[in-house]
Amino acid sequence: MLFIKKSLLVLLLPLMAFTTIHKYYVSVTQIDYIKEKQSVQITTRIFLDDLEDVLQLRYDKNLILDPQSEAGDINFNLEKYLKTKLVIRINGEEKSLKYIGKEYDNDIVICYLEIEDVTEIKTFRIQNTVLFDLHEEQQNIVRTKINSKNKSFILTKSNDKGLLNFK
């Protein structure tokens, strides 16, 4: 009987190791070039609790992301944060991001940005360091649709830039 208990424990212990809760630190950014509008449209999805933590750390410890009762400076701080963490160069020139706004989808904050007056894209470079100052294991997935080509890559703290050539 003791042998059976020990054998059962040896068999079940590895299975139990896979049931522990593991938090993933990831954001997803979609970038679309709309040639007809001469616009690069950026949609980034970030977990609400992680975004709230980093905004509290950087700007205001009392800041709360809540769609029901939100302070007026949330958008100001969010815009400031995103503009320092997302750096985009098109054809070798750094472009300024226009913050459009945000919306909530359960535990995700969806942020909208845009780059206007883009007539063509020969090279596209992005540096995405969103939440790298909060989590070492943060990964930022970037998906692009530029010049009818879909590309994607994962950016990490040690590899935070992606470059696409369309020449």
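Biologist: Leaving aside its neighbours within four places in sequence, which residues is asparagine 91 in contact with?

Modeller: Asparagine 91 touches Glu120, Ile121, Lys122 and Thr123. Please keep in mind that this is a predicted model.

Biologist: What makes these residues count as contacts?

Modeller: The test is heavy atoms within 4.5 Å.

Biologist: Where does asparagine 91 lie, and why is it called partly exposed?

Modeller: Asparagine 91 sits in the loop that links strand 3 and strand 4. Its relative accessibility is 35%. Buried would need a value under 20% and exposed one over 50%, so asparagine 91 is placed in between, as partly exposed.

Biologist: Let us turn to the strands. What is the order of the strands in the open sheet?

Modeller: The order is 4-3-7-10, and the pairing of these 4 strands is antiparallel. On average, neighbouring strands are turned by 20 degrees against each other, with direction ignored.

Biologist: What makes strand 4 and strand 10 edge strands?

Modeller: Strand 4 (93-95) and strand 10 (161-165) each pair on one side only.

Biologist: How do you know that strand 3 and strand 7 pair?

Modeller: Pairing asks for at least two bridges. Strand 3 (residues 86-90) and strand 7 (residues 123-128) are joined by 5 bridges, so they pair, and they run antiparallel. Along them, isoleucine 88 stands opposite isoleucine 126, and isoleucine 90 faces phenylalanine 124.

Biologist: What joins strand 7 to strand 10?

Modeller: Again 5 bridges, with the two strands antiparallel. One of the facing pairs is threonine 123 with asparagine 165 in strand 10.

Biologist: Why is strand 7 described as largely enclosed?

Modeller: 5 of its 6 residues are buried, so the rest of the structure largely encloses strand 7. Helix 3 (residues 73-85) packs on this sheet and touches strand 3 and strand 7. The direction of helix 3 makes about 50 degrees with that of strand 3.

Biologist: Why are helix 2 and helix 3 called roughly perpendicular?

Modeller: Helix 2 (residues 48-58) packs against helix 3 at an angle of about 95 degrees, and their axes are 11 Å apart. Angles of 65 to 115 degrees count as roughly perpendicular, so that is the name for this pair.

Biologist: Which residues meet where helix 2 packs on helix 3?

Modeller: Helix 2 brings Leu51, Val54, Leu55 and Arg58, and helix 3 brings Asn77, Leu78, Tyr81, Thr84 and Lys85. By class, this contact has 5 nonpolar, 2 polar and 2 charged residues.

Biologist: Which residues of helix 2 are buried, and what covers them?

Modeller: Leu48, Asp50, Leu51, Glu52, Val54 and Leu55 are buried. Their cover includes helix 3, strand 2 (39-47), strand 5 (98-105) and strand 6 (108-116).

Biologist: How do you know that strand 8 and strand 9 pair?

Modeller: There are 7 bridges between strand 8 (residues 139-146) and strand 9 (residues 149-155). At least two are needed, so these strands pair, in the antiparallel sense. Threonine 144 stands opposite lysine 151 there. The two strands form a hairpin with 2 residues between them, and asparagine 147 in the turn has a positive phi of about 50 degrees.

Biologist: And for the overall picture, how many helices and strands does the protein chain have?

Modeller: There are 3 helices and 10 strands, and along the sequence they follow the pattern α-β-β-α-α-β-β-β-β-β-β-β-β. Of the 167 residues, 38% count as buried. The chain exposes about 10,300 Å², with carbon and sulfur atoms supplying 53% of that area.

Conventions:
Residues are numbered from 1 along each chain as its sequence is written. This is a predicted model: local features need pLDDT of at least 70, side-chain atom pairs count only at pLDDT 80 or more; totals for chains, interfaces and linings use all residues. Side-chain values use heavy atoms; hydrogens and water are left out. Axes are lines fitted to C-alpha atoms, for helices over the stretch in contact, and angles run from 0 to 180 degrees between N-to-C directions. Angles under 35 degrees count as roughly parallel, over 145 as roughly antiparallel, 65 to 115 as roughly perpendicular and the rest as oblique. Ala, Val, Leu, Ile, Met, Phe, Trp, Tyr, Cys and Pro count as nonpolar, Asp, Glu, Lys and Arg as charged, and the others, Gly among them, as polar. Buried means under 20% relative accessible area, exposed over 50%, partly exposed in between (1.4 Å probe, protein chains only). Accessible areas come from the Shrake-Rupley method with a 1.4 Å probe; for residues, only the protein chains shown count as cover.
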